[in-house]
Amino acid sequence: QVQLVESGGGSVQVGDSLRLSCVISTRAFSEYAVGWFRRAPGKERDFVAAITWSGSTTYYADSVKGRFTISRDNTKNTVYLQMNSLKPDDTAVYYCAIGPPATDASEYDYWGQGAQVTVSS
């Protein structure tokens, strides 16, 4: 059984930083790409970032490029999303997911329960 557990969310001020973690319980962790998505209140779920199984290739939404960094530690079955210079528009529930490297949420097979990030001005 595959489980994904996000942590590290919280309430911060504009310009602050947060680091989300996603611990994935699967023996095949190193075979999967991992993506981060977010859903803001009243909006669709949007792609944020993704990383290939080796960590050699990363993908970012234009809205977070230069501010967010995705990374992974295959020895810890963990993927991170470092979020800097946070803005109110970054307020959302953030989800990690595993599957092929893609920006389309429908391509991902397993999802975590989500972590709330709230950015106040």
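Mentor: A salt bridge here is a side-chain nitrogen of Lys or Arg within 4 Å of a carboxyl oxygen of Asp or Glu. The model is predicted, so local features need pLDDT of at least 70 and side-chain atom pairs count only at pLDDT 80 or more, while totals for chains, interfaces and linings use all residues. Residues are numbered from 1 along each chain as its sequence is written, and side-chain values use heavy atoms, with hydrogens and water left out.

Trainee: Is Asp 62 buried or exposed?

Mentor: Buried means under 20% relative accessible area, exposed over 50%, and partly exposed in between (1.4 Å probe, protein chains only). Asp 62 is exposed, its relative accessible area being 65%.

Trainee: How many salt bridges does the rule give?

Mentor: The count is three. Arg 67 pairs with Asp 90, the closest N and O atoms lying 2.7 Å apart. These two residues are 23 residues apart and link distant parts of the chain. The side chain of Arg 38 also forms a salt bridge with that of Asp 90 (2.9 Å, N to O).

Trainee: Which residues are linked in a network of salt bridges?

Mentor: The network links Arg 38, Arg 67 and Asp 90. Asp 90 is buried at 1% relative accessible area; Arg 38 is buried at 11%, and Arg 67 is buried at 11%.

Terms used. Helices (H or I, at least four residues) and strands (E, at least two) are DSSP runs, numbered from the N terminus.
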